[in-house]
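Subject: Structure for your study

Dear colleague,

Please find below the structure that I am handing over to you.

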Amino acid sequence: MTTTATAPAAPPAAPARRGRLVPYWLLLPGILWLLLFFVAPLVYQASTSVQTGSLEDGFQVTWHVATYWDALAQYYPQFLRSVGYATAATVLCLLLGYPLAYLIAFRAGRWRTLLMVLVVAPFFTSFLIRTLAWKTILSDGGPVVSALGSLHVLGLTDALGLTEGHRLLATPLAVVCGLTYNFLPFMILPLYTSLERIDGRLHEAAGDLYARPLTTFRHVTFPLSLPGVVAGTLLTFIPAAGDYINAELLGSPDQKMIGNVIQSQFLRVLDYPTAAALSFILMAAILAMVTVYLRRAGTEDVV
Amino acid sequence: MAAAPGRSPRPLRWLRRNLVVLAGLATLAYLLLPNVVVTVFSFNKPNGRFNYKWQRFSTDAWTHPCDVDGLCGSLSLSLWIALWATLGATVLGTAAAFALARYRFRARSTVSSLVFLPMAMPEVVMAASLATLFLNTGVSFGFWTILVAHITFCLSFVVTAVKARVTSMDPRLEQAAQDLYATPLQTFLRVTLPIAAPGIAAGALLSFALSFDDFVITNFNAGSTVTFPMFVWGAAQRGTPVQINVIGTAMFVIAVLCVLAGQLAGSRRKRSRRS
């Protein structure tokens, strides 16, 4: 990633000797809080993941690392599904979100504020209520299903395995649609921030040099918006990969994602070691993917 | 507009020029469609327990919003938790953000990544690990565990919001204040804090929204305490009362009105300052 001109200056050195301890005092409460309630829980979770035992007899640390292999062997379909759904949702968010961010940044004029408000406003209705609304929208015999059915789109998606039996609810398509919907604002906002920074004169300059609109987009606008693209895809992919709400509300047991497994292992089966091991595998997988992605997006020219 | 020598017919040219606008508006429609459905179905009178199919128009739910057992109690609990979580996260986060933005010290990058990490993690992982801590230390689940969990995940967002504002601040403003014989405290209260205020406000608002709407972390750490999202989740299994839609719609309308009023006031102030 290229650092933009607005990169913040390095913080000034502490002004006086007396003030040298100030940052530590300022940080102390927040850091203590994070150590207690963020780091310590991870340590406890790590220890739980190598414990064996039962609810009645209690759990003991036995360094039973096999829990990881067993969990992976048993639940790898859910892992793969999570990565697949999250990737699909991220790509869809980018495809849907880019035009809207572009519209707000360059074409909205005095409607800009209103459009921004409309993008953020759905947040204020609880996301569970909005996800339940998708149940109505995608319901069997609803307008969307009958419209897509009469256009023979559902036949096509059935054949592709995205939907099943001419319905939308309880299919992979419904879950991906819900994921896309829920995380779309997290794509639009960073895209908008990076598009809005682009100097409009660059577009004029490209036009003066006989670049057609599409060429301008490919060689000027899109490369300059890459920081937003990277931030947006991360903000979409990470929560989508761990989500269990959409699969639970819009999917069937065949669409269970890894989040659903962790939730039910922890809250229903009460198999804490497996839940802990799965959490760590998910965390490690996401960190690895994000690192690889950032390295690629950071050092190579994408366009 | 001058009639340019067109290569393609006019409607097609118009379409091509405005394609991005149309695509953007389509996305906006996709974003807003569920809110429209929520609003419309708040006037529904369903036959069964579930409010998924349109039956007939009724304003019953609007006139009796608290007629469902536990609904309004869960709502006020959520607001109460969000209030305290916002307060806690804003105080802790603002102090940390000032330290990270204004001072160079050892372990600064370590602290930065520690603050960043909770945001780069799927919520379910954080939720399960916190619940593991509470289980192992024998803390009973309820109001306090929810509050602690909410402060923990809001903290990073406050730090990020405040830090962005403070780093972009011109240090010469504070130097100027000191040149004019302001004491450090005066400088902080009358120069630094007012400039940082929008960042702090943004962080606090974000915390409130995140805490109020949080489900995943609450799901793991609530025990038998029922916040509003927990109530909706339970309702999705047992039967969804229309009142849920009423509350969703009301929150949407109130939020949009607040934002628009704020914008209006802001632009009016700007205009009066200019004249």
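Predicted model: local features only at pLDDT ≥ 70, side-chain atom pairs only at ≥ 80, totals over all residues.

Residues are numbered from 1 along each chain as its sequence is written, and chains are lettered from A and ligands numbered from 1 in the order in which they are written.

Annotations of chain A

An unreviewed UniProt entry places the feature "transmembrane region" at residues 24-44, 85-106, 113-132, 169-192 and 275-294 of chain A. The annotation "domain: ABC transmembrane type-1", also from an unreviewed UniProt entry, covers residues 79-293 of chain A. UniProt positions follow the numbering used here, feature names are shortened, and annotations may be inferred rather than shown by experiment.

In the model, residues 79-293 of chain A are 78% helix and 0% strand, and the end C-alpha atoms lie 18 Å apart. Helices (H or I, at least four residues) and strands (E, at least two) are DSSP runs, numbered from the N terminus. For residues 275-294 of chain A, the span is 100% helix, with end C-alpha atoms 28 Å apart. Residues 113-132 of chain A are 70% helix, and their end C-alpha atoms lie 28 Å apart.

Helices and strands of chain A

Helix α4 (residues 127-137) of chain A has eleven of its eleven residues buried, so this helix is largely enclosed by the rest of the structure. A residue is buried if 20 or more other C-beta atoms lie within 10 Å of its own, exposed if 12 or fewer, and partly exposed in between, with C-beta atoms placed from the backbone. Among the buried residues of α4(A) are the charged A:Arg130 and A:Lys135.

A:Ala285 belongs to helix α13 (residues 272-299) of chain A. This residue counts as partly exposed because it has 15 C-beta neighbours inside 10 Å. A:Ala285 and A:Val83 are 202 residues apart in sequence, yet 9.5 Å apart in space, C-alpha to C-alpha.

Strand β1 (residues 51-54) and strand β2 (residues 58-61) of chain A run antiparallel and are joined by four bridges; two strands pair if DSSP finds at least two bridges between them. A hairpin of three residues links β1(A) to β2(A), and A:Gln51 stands opposite A:Val61.

Where the chains meet

In total, 71 residues of chain A are in contact (C-beta atoms, placed from the backbone, within 7 Å) with 69 residues of chain B. Helix α1 (residues 22-49) of chain A gives the largest share of the side of chain A that touches chain B, 17 residues. That side divides into 55 nonpolar, 13 polar and three charged residues. Here Ala, Val, Leu, Ile, Met, Phe, Trp, Tyr, Cys and Pro count as nonpolar, Asp, Glu, Lys and Arg as charged, and the others, Gly among them, as polar.

The nonpolar core

A nonpolar core is a set of buried Ala, Val, Leu, Ile, Met, Phe, Trp, Tyr and Cys residues joined through C-beta atoms within 7 Å. The largest one has 142 residues, and those touching the most other members include A:Ala101, A:Leu278 and B:Leu130. Helix α7 (residues 172-196) of chain A supplies the largest share of this core, 15 residues.

How values were computed. Contact = placed C-beta atoms within 7 Å.
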